[in-house]
Amino acid sequence: MAEAKTVHSPALTYFSMISLLTLCPPFVILLTGMELYPQIGKNFDIKVFTNWRFGMMSWVVLAVTYCIKQYEENGKVADSMLVNTILMLVYVTKFFWWEAGYWNTMDIAHDSEFYICWGGLVWVPSIYTSLGMYLVNHPVNLGIQLLWYTMVHADESLLQTWDYLKQHGLQGFIDIWPRPTAIAWKIIACYAAFEAAALQLFLPGKTVEGPISPTGNQPVYKANGLQAYAVMLITYLSIWWFGIFDPAIVYDHLGEIYSALIFGTFFFCIFLYIKGHVAPSSTNSGSFGNIIIDFYQGMELYPQIGKNFDMKVFTNCRFGMMSWAVLAVTYCIKQALLREWESGRFYACKCYIDAGVCDKVLLVGSWILEHNGYCT
């Protein structure tokens, strides 16, 4: 009969050693700690310091540090780095918002010393921020469509999107790029018409004079941003509430809408370029001497259609800023539908749109100096 051989597994040996160490009182004491709530003096809580102040704060500091370093190395911050950093900041902000609740969790109520110190002082700053550290010297410029793909189809994982593109190359990028559809164009057209007609042209507002331009022109605006903001949100929520339109359709076709906006904006800027040459609205127009710069920067400082329709107000304040609020509300409604109003809870989004501030934008430097071209 053949002699049986004993197979020694390195992993089994390692865990056996750890098991033996757990029987050693000094090791157990080091791992679990002597105190549940260690303090120095009456006011300095060591757990709060290691977890909150050092650990979680370092997560934010390193995330911002990687952004700054990438900017210094490459002259810009890639959109992948921005997405990564924003998601981290949102998570940490939520942590500190819920700080009082964290005091009652297992981390604070049961864990102590080496275990919790290692997590707060080493694991959080090094492991949780590692993606940002990688992106510093490996910037990935996703673009609008890849951002959409990452959020909707790649579980918000930049690495998953990167691996997909690495495997499939240019053809993979073409395959995931959604084509503009008729419904996407209809949604954009209806939204733009409502913003232009109902909110910008017909909604009343006080008259505001802009600064005098170098050529002596002084633009005149109708400041109705706050009213337009209120009407937009009330209308949008009303047509959903009364079953006239389902905002979830916007989310379901978001990739196609983004794609349509990319192509539509390109042709819209061609129109602005031709208009600036053929029919400028004022003397605040002219060529930079290069067709690419003219297209990118714009030919006119204050382009208008007729006397009352200001193109800058439409693209920036009405279409752009309002869409920020509309999409935020859309995501709330879509999430509620997916969760089927679970436990009666509705996860509301906070929309940062200060329409009053938008009216003040008419007087700031970026508004009075930048022409209305592709970049704006």
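Author: One definition to start: a helix here is a DSSP run of H or I with at least four residues, and helices are numbered from the N terminus. By that count, Gln227 is found in helix α12. Also keep in mind that this is a predicted model.

Reader: Okay. How many helices and strands are in the chain?
Author: The chain has 18 helices and six strands.

Reader: And what share of the residues is buried?
Author: Of the 376 residues in the chain, 35% are buried.

Reader: Let's go to α11. How do α11 and α14 cross?
Author: Helix α11 covers residues 182-201, and helix α14 covers residues 254-278. Their axes come within 9 Å and cross at roughly 70°. Angles of 65 to 115 degrees count as roughly perpendicular, so α11 is roughly perpendicular to α14.

Reader: Which residues make the contact?
Author: From α11, they are Ile183, Ala184, Trp185, Ile187 and Ile188. From α14, they are Glu256, Ile257, Ala260, Leu261 and Gly264. This contact of α11 with α14 has eight nonpolar residues, one polar and one charged.

Reader: Left-handed or right-handed crossing?
Author: Right-handed, as α11 passes α14.

Reader: Next, α16. What is the angle between α11 and α16?
Author: About 120°, with the axes 10 Å apart. Helix α16 spans residues 311-338. The crossing of α11 and α16 is right-handed.

Reader: Which residues are in that contact of α11 and α16?
Author: α11 brings Ile188, Tyr191, Ala192, Glu195, Ala196, Leu199 and Gln200. α16 brings Val313, Phe314, Arg318, Phe319, Met322, Ser323 and Val326. In the contact of α11 with α16, ten residues are nonpolar, two polar and two charged.

Reader: Now α12. How far apart are the axes of α11 and α12?
Author: They are 11 Å apart, and the packing angle is about 135°. Helix α12 runs over residues 225-241.

Reader: Let's switch to single residues. Where is Leu203 found?
Author: In the loop between α11 and β3. β3 is 206-209.

Reader: Is Leu203 buried or exposed?
Author: Buried. The cut-off is under 20% relative accessible area, and Leu203 counts as buried because its value is 15%.

Reader: What does Leu203 touch?
Author: Not counting residues up to four places away in sequence, Leu203 touches Ala198, Lys222, Asn224, Gln227, Ala228 and Val231. Leu203 and Asn224 are 21 residues apart in sequence, yet 7.0 Å apart in space, C-alpha to C-alpha.

Reader: Back to Gln227. What does Gln227 contact?
Author: Leaving aside neighbours within four places in sequence, Gln227 is in contact with Leu203, Pro204 and Gly205. Gln227 has 35% relative accessibility, so it counts as partly exposed.

Note on methods: Residues are numbered from 1 along each chain as its sequence is written. This is a predicted model: local features need pLDDT of at least 70, side-chain atom pairs count only at pLDDT 80 or more; totals for chains, interfaces and linings use all residues. Side-chain values use heavy atoms; hydrogens and water are left out. Axes are lines fitted to C-alpha atoms, for helices over the stretch in contact, and angles run from 0 to 180 degrees between N-to-C directions. Helices (H or I, at least four residues) and strands (E, at least two) are DSSP runs, numbered from the N terminus. Angles under 35 degrees count as roughly parallel, over 145 as roughly antiparallel, 65 to 115 as roughly perpendicular and the rest as oblique. A crossing is left-handed if the near helix is turned anticlockwise from the far one by less than a right angle, and right-handed if clockwise. Contact means heavy atoms within 4.5 Å. Ala, Val, Leu, Ile, Met, Phe, Trp, Tyr, Cys and Pro count as nonpolar, Asp, Glu, Lys and Arg as charged, and the others, Gly among them, as polar. Buried means under 20% relative accessible area, exposed over 50%, partly exposed in between (1.4 Å probe, protein chains only).
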